[in-house]
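Have it open while you read, and check each point as you go.

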Amino acid sequence: MQNPVDPEQIVHISKMGDEELLKFMKENGISLKISEARLISNKLGRDPTLTELYIFNSEWSEHCSYKSSKNLLKMLPTTGPNVIQGPEEDAGIIHLTTIDGERYGVILAHESHNHPSQVVPYEGAATGIGGIVRDVICMGGRIIASADPLRFGDPKGKFANRTKYIANAVVDGISGYTNPIGVPNLGGDAYFNSSFDDNCLVNVVSIGLVKEKDIIHSRAPENAEGFDVIIVGKGTDNSGFGGASFASLVLDEEDEESNKGAVQVPDPFLKNVLIRATEAAFREAKKQGIEVGFKDMGAAGIMCSTSEIAADGGFGVKLDLDKVHTTMEIPSFIIMCAETQERFTWVVPPNFTPTILKIYNEDFELPNVAEGARASVIGKVTKEKQYIIKHKGKVVCNAPIDEVTSGIVYDRPYKEPKRNFKEPNLPEPDYNEMVLKVLNHPNVASKIPIYKHYDTEVQGLAVIRPGEADAGLMNPIENHAVGVALATDSNPKYGRLDPYWGAGMAVAEAMRNVAAIGAVPSGLTDCLCYGNPEKPEVFWQFVEGVRGVADAAKNIWLKGTEDPVPVVSGNVSFYNENAFGKAVDPSAIINCVGVIEDVGKAITMKIKSEGSGLYLIGERKDELGGSVYYEVNGELGANVPKVDFEKERAMIYTVIDAIDKGLVLSCHDISDGGLVTAIAEMILGGEADGKIGAEINLKSELRADKAFFSESSGFVLELDEKDVKEVENICKEHGVELVKIGETKGESLVVKGLVDLPIEKLKQSWTSGVKEALR
Amino acid sequence: MKKPKAAVILFPGTNCEEETARSCISVGMDADILRWNTKEDLSSYDGFVLPGGWSYEDRVRAGAVASKDRIMETIKKEAKGGKPVLGICNGAQILIETGIVPGIKNDIQMALAKNINPLISGYYCTWVNIKNNPSNCIFTKSLGKGEIIPIPIAHGEGRFTTKEEGLLEQLIKNSQVVFKYCDEKGETIDKFPINPNGSINNIAGLCNPEGNVLAMMPHPERCCWNRQLPGFERKSFQEMNDPGPGRKLFQAMKEYIEGR
């Protein structure tokens with residue numbers, strides 16, 4: 001064999017006993033299981049070098065290999081008539097519109113940065129954004145928006161001070177990264193509860209725009225033998241070394257200091273320039289008609305990026321680590337696996353290499369923008385499918401490239417735990433007091449204190465902003481009416497009560513949010529956040545979650561078809577639990593992208609005029625398990641809201657059709673806090689400056705508190721009375737019941753005999769909840 | 001007549017260059033985005049826009065490093081010759097740091113300091129109203145007297161302030177105060193949220209004594225089309241795509257160039 005590895009580098013694991021091997025791995029920060037380490041020797045036909053051991057340690061981590069989840073994720077529907085790119089690459093792409101024969105796509109990417117954000121919240125959240133925008137840009141597109149579903153601990157609980165510190169630092173980290181790079185933040189949500197006290201969840205979503213013919217794949221193109229492998233960006237250092245493995249372990253406070261070292265260091269300034277230089281490189285490649293491969297460098301750094309870009313094209317690769325630009329003297333395995341931020345990998349024909357080097361190193365002066373940053377040629381694509389790495393003249397790795405990238409798979413056992421939930425028996429409340437209490441709960445209250453930190457206006461594409469409606473809306477193509485909507489969702493308490501319905505409801509609600517502005521739910525991403533998958537009870541939650549996402553996506557069809565709304569990208573995050581083994585609430589966090597043909601037809605949630613009718617679709621059910629109403633009463637309950645897929649679909653289609661025909665003045669989806677909260681929010685509007693009140697007369701078989709605060713699926717619509725007939729017809733077509741519940745009038749929220757609250761009071765409660773939680 | 005040609009300057013960290021160039025183009029100018037290290041001959045351009053962003057990472061102070069960039073020497077020279085220069089947000093910070101604005105002495109006379117904001121500390125993004133204050137600024141010639149326009153701000157350091165005694169009085173006397181934060185009725189109330197950052201005299205934009213250089217914190221390129229305005233109401237796409245209030249500044253820039 002050519003390029004034999006340097007015998008001095010070999011770790012003789014086959015000669016070590018289990019105990020010795022375990023000790024060796026622990027000392028070297030390798031988190032492989034003994035059986036996994038021994039499997040490497042089997043696959044290679046010899047013992048691995050230390051570098052190879054680190055390579056497999058990263059590649060076989062849960063974070064990179066999806067070893068526990070891979071088989072189950074096959075349940076998710078990932079294809080459909082509007083799918084341009086499924087989840088195989090760094091981001092998925094759905095069809096947006098076709099203009100003069102030119103097909104445009106929306107790029108979707110979604111991941112989490114939970115452990116880093118818990119340990120070093122500012123940097124953890126910032127590098128989360130940094131990573132997700134890389135996933136979008138590496139498809140050859142332009143990043144047009146981001147969103148941030150966040151889950152924090154209880155701001156009034158035992159760890160209130162830490163929770164507040166983490167929440168504020170995470171928000172600062174997100175704004176401190178997205179604002180400078182020029183990406184508007186147009187969606188997201190925030191939930192607070194004690195299950196996240198020791199393990200916050202920081203999800204990041206990024207959306208991009210690309211013409212189909214400009215898509216760049218994260219793999220070496222055809223006939224790439226002899227192409228150069230170029231890395232661009234920050235000089236490699238030891239930051240984030242072990243990040244992928246760190247994401248795949250339970251956080252232990254004792255290790256807090258060493259864990260901090262595994263968090264990457266963000267540099268949004270360099271990223272800003274890197275994005276612009278990369279766009280210039282895209283333009284140049286297109287102009288010259290050059291086929292290239294381009295890939296994000298994220299988890300497990302150079303190793304993961306270079307091996308996958310070559311292997312996915314059917315090639316091998318030969319790297320010379322002495323050519324990697326570094327900012328410190330570091331051993332080969334750190335150069336390979338460190339997660340230094342703000343880097344990408346190119347695979348280009350040698351005649352295009354000078355152009356790439358000029359764009360990054362001279363035109364955009366990377367070396368002057370950040371110390372040690374530049375573009376460097378570090379190797380070649382080879383026909384022989386080996387992964388060969390030289391360092392200081394010695395071969396430190398020579399492994400079959402498919403073995404490196406194929407990972408391992410586990411079928412984990414799972415078991416439904418015994419659980420016992422009970423419905424409370426609550427006395428009827430003072431309704432005025434209760435409405436204000438619910439509005440003030442941080443899971444319901446206005447998120448202005450969070451999103452006013454974010455630049456929503458940069459790029460000038462925003463049409464509907466956070467808070468103005470259930471979804472954000474952009475008009476991304478100049479002089480063309482098409483719009484892209486986005487919304488994120490997942491109620492952790494529903495997941496706690498029932499991980500299947502929690503996940504199904506998250507999908508349904510994200511779709512409802514998009515529909516509530518008039519857009520058609522067209523693509524989904526999921527970030528599945530759970531505890532330790534090695535525990536059968538936890539793994540059961542995961543299995544149920546995936547099933548819930550899959551069933552909802554398959555049964556609430558893509559409008560106009562009987563195909564699923566496709567799940568085109570996603571991420572799995574395990575080991576979200578504290579040192580005592582308490583896992584976070586099972587959280588299948590969903591992002592839904594919607595398409596609206598004409599942004600001029602979209603609507604917001606704020607009441608538009610006095611004297612219009614308020615109508616309900618979606619029956620109120622005795623499903624208050626996990627509701628805000630129960631929570632403010634110190635209860636959890638048992639009856640989790642369930643999704644009747646067929647009815648859900650019918651409701652969503654009804655709302656989209658009615659909005660499309662211009663028949664709806666405003667619309668709001670019913671979720672946290674229930675019907676009465678939805679109406680209060682319609683009165684207030686996103687900026688809490690609404691002036692028109694409402695008088696409600698709700699007839700329900702349920703007791704008033706249950707009818708008011710039940711979080712069963714539904715919508716509230718504001719209709720001009722002259723349009724009601726036509727909306728009724730649309731409802732009939734879809735088999736949906738339209739119920740009048742009141743009208744817009746006065747300057748208060750009035751429910752005869754039960755509630756009478758002036759707008760000013762609603763505003764006071766709704767706008768102070770999150771402010772207090774963060775202070 | 002030759003189409004006026006604007007240069008939109010990209011510093012490392014700038015992030016509003018695309019929509020700023022689009023705004024220039026929307027009024028019938030040509031616009032090129034030029035990098036800070038460009039080898040192009042800047043004197044071939046008729047006007048300059050320094051867009052918003054985060055040049056040089058806001059090192060030292062926002063705009064401080066870019067103001068020392070070689071390209072600013074040339075822009076200073078071109079401004080002296082009467083060409084229009086518009087600095088938006090970070091661009092305004094750069095102009096203040098070069099001293100071109102307010103430009104009464106050949107020195108830095110003002111600062112854009114950290115916002116004073118009881119709601120949110122640091123970076124703050126929201127929509128405000130500003131009023132066209134009587135001035136000799138060339139960028140407001142298309143605006144009505146006292147016209148109020150809705151416009152977004154997005155900054156952490158946008159509070160116009162000075163330690164120089166009598167400077168404010170002089171700015172007012174010279175008609176250099178171009179825009180003032182106000183409420184919907186045009187009242188320039190010096191109180192949050194009407195004055196969103198605590199700026200002295202509610203100043204949102206200032207020009208040089210000659211009026212051809214404007215430094216403003218709000219973003220006219222983000223209200224250059226109706227569709228960008230908040231409080232969205234259903235309307236036809238045609239109407240949505242109509243010019244927004246910010247367009248008037250770019251219109252005035254073009255007309256000024258054509259009239260020179």
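1. A word on surface first: accessible areas here come from the Shrake-Rupley method with a 1.4 Å probe. Keep in mind too that this is a predicted model. For chain B the accessible surface comes to about 10100 Å², and carbon and sulfur atoms hold 48% of that surface.

2. Now the overall build of chain B. The chain has seven helices and 11 strands, and its C-alpha trace spans about 50 × 45 × 35 Å along the principal axes. Does the radius of gyration of chain B, compact globule or otherwise, fit: what would 260 residues give? A compact globule of that length would have a value near 18 Å, and chain B has 17 Å, so the two agree.

3. Buried residues make up 60% of its 260 residues. Of the contacts with a separation of 6 or more, 76% are between residues 24 or more positions apart.

4. On charge, chain B carries 33 positive and 31 negative charges, and their mean positions lie 1 Å apart.

5. Next, the cores. The largest nonpolar core has 140 residues, and Trp346(A), Tyr360(A) and Phe11(B) touch the most other members. Helix H11 of chain A (residues 268–288) gives the most to this core, with 10 residues. A second, separate core has 79 residues, including Phe542(A) and Tyr615(A).

6. Last, zoom in on Phe11(B). Leaving aside residues up to four places away in sequence, Phe11(B) touches Trp36(B), Leu50(B), Tyr56(B) and Ile94(B), among others. Ser55(B) and Asp69(B) are also among the residues that Phe11(B) touches.

Definitions and conventions
Residues numbered from 1 in each chain as written. Chains lettered and ligands numbered in written order. Predicted model: local features only at pLDDT ≥ 70, side-chain atom pairs only at ≥ 80, totals over all residues. Heavy atoms only, no water. Core = buried A, V, L, I, M, F, W, Y, C linked by side-chain atoms within 4.5 Å. Buried < 20%, exposed > 50% of the residue type's maximum accessible area, 1.4 Å probe, protein only. Helix = DSSP H or I, 4+ residues; strand = E, 2+ residues; numbered from the N terminus. Contact = heavy atoms within 4.5 Å. Rg over C-alpha atoms; globule rule 2.2 N^0.38 Å. Lys, Arg positive; Asp, Glu negative; His and termini not counted. Charge placed at Lys NZ, Arg CZ, Asp CG, Glu CD.
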